[in-house]
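Here is a friendly tour to read with the model open beside you. Have your viewer ready, and let us walk through it topic by topic.

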Amino acid sequence: MANNFREFNPCTLLAPVPAVMVSCCGVQAGAKPNIITVAWAGTVNSEPPMVSVSVRKNRFSHHMISESGEFVVNLVDEAHCKALDFCGVRSGKDVDKWAHCGLTPLPVKELDHAPAIAECPAYLACKVRQVLELGSHDMFIGEVVGVQVREEMFEGTALHLERAGLVTYNHGVYQRAADVLGFFGYSVARPEVLERRMKVYEK
Ligand SMILES: Cc1cc2nc3c(=O)[nH]c(=O)nc-3n(C[C@H](O)[C@H](O)[C@H](O)COP(=O)(O)O)c2cc1C
């Protein structure tokens, strides 16, 4: 077979990845919460549920996450894509990102410091369990201690996160996570199951 690849510098070309707004807060009295956009985020364990966010030491948010041991991963929908970008190109040192983006801090019952973003479709409240100093970034591994999802994402008890219009990050570009192509296990599903399940996603 012909080699149709072009060599590219070794880099983190894993794509697409979720781009999320991570909210955090320092521990000093009167500390103001902040938001940082993070694309180096991932699921790292199921039991207990754990996610990671990798943050450079020079980010204003870095000390808030390390001091408080808390962060909140807020999933981002299309309506908040501009806010997602803004929170990734301006520092909380210089600007109140909440006010600028029209976002509201929401107290999180499982956490003492970090608030969630009220306008996002869902959020994961996390407590830092490990920090890995990897080089450019420190990876905060957080145990997910609480999850909240907006009511409109449910049909009965079924969660339809595919309807949230979540934003993905694809090598420097924000992209909508669009059409449903299949579901977990669809490659081996019986034809009647496939037909029934796929109908749900056409809505
Ligand atoms: C799409 C996007 C993804 C980003 N991902 C990360 C990331 O994973 N880790 C990081 O340290 N900075 C990341 N940044 C940069 C920070 O969000 C940016 O430096 C921000 O201004 C830091 O805010 P702060 O100084 O208020 O903490 C990203 C920026 C954008 C636009």
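Predicted model: local features only at pLDDT ≥ 70, side-chain atom pairs only at ≥ 80, totals over all residues.

Residues are numbered from 1 along each chain as its sequence is written. Helices (H or I, at least four residues) and strands (E, at least two) are DSSP runs, numbered from the N terminus.

- A residue is called buried if 20 or more other C-beta atoms lie within 10 Å of its own, exposed if 12 or fewer, and partly exposed in between, with C-beta atoms placed from the backbone.
- Helix 1 spans residues 60–68, and S61, M64 and I65 are buried in it. These residues lie on the same side of helix 1 because they cover an arc of only 95 degrees around the axis; the arc is that of the directions from the helix axis to the C-beta atoms.
- The buried residues of helix 1 pack against strand 2, strand 3, strand 5 (50–56), strand 6 (70–75), strand 9 (122–133) and strand 10 (137–149). Contact here means C-beta atoms, placed from the backbone, within 7 Å.
- Just after helix 1 comes G69, with a positive phi of about 70 degrees.
- Helix 2 covers residues 81–89, with A83, L84 and C87 buried. Its buried residues fall within an arc of 105 degrees seen down the axis, so they line one face of helix 2. K82 and V89, on the other side, are exposed.
- Packing partners of the buried residues of helix 2 are strand 2 (20–24), strand 3 (34–38), helix 3 (97–101) and strand 13 (167–170).

**Ligand shell**

- The ligand is surrounded by 22 residues, the closest being F60, S61, G88, S91 and G92; a residue counts as near if its C-beta atom, placed from the backbone, lies within 6 Å.
- Strand 3, strand 5, helix 1 and helix 2 each supply at least two residues of this shell, and strand 3 gives the largest share, four residues.
- By type, the shell holds nine nonpolar, eight polar and five charged residues. Ala, Val, Leu, Ile, Met, Phe, Trp, Tyr, Cys and Pro count as nonpolar, Asp, Glu, Lys and Arg as charged, and the others, Gly among them, as polar.

**Nonpolar core**

- The largest nonpolar core has 41 residues, and V20, M21, V22, F71, V72, V73 and Y123 touch the most other members. Such a core is a set of buried Ala, Val, Leu, Ile, Met, Phe, Trp, Tyr and Cys residues joined through C-beta atoms within 7 Å.
- Leaving aside residues up to four places away in sequence, M21 touches I35, T37, N74, V76, L84, C87, I117 and C120.

- An open antiparallel sheet of three strands runs in the order 1-13-14; strands pair if DSSP finds at least two bridges between them. Strand 1 and strand 14 are its edges, each pairing on one side only.
- Strand 13 pairs with strand 14 over four bridges, and T168 stands opposite Q175 in strand 14.

**Backbone details**

- Most residues other than glycine have a negative phi, and most peptide bonds are trans.
- H171 is not a glycine, yet its phi is positive, about 50 degrees. H171 sits in the loop between strand 13 and strand 14 (173–176), and counts as exposed because it has 12 C-beta neighbours inside 10 Å.
- A cis peptide bond with omega of about -10 degrees joins A15 and P16, and P16 lies in the segment before strand 1 (17–18).
- Another cis peptide bond, with omega of about 0 degrees, joins E47 and P48; P48 is in the loop between strand 4 (41–45) and strand 5.

Conventions
Contact = placed C-beta atoms within 7 Å.
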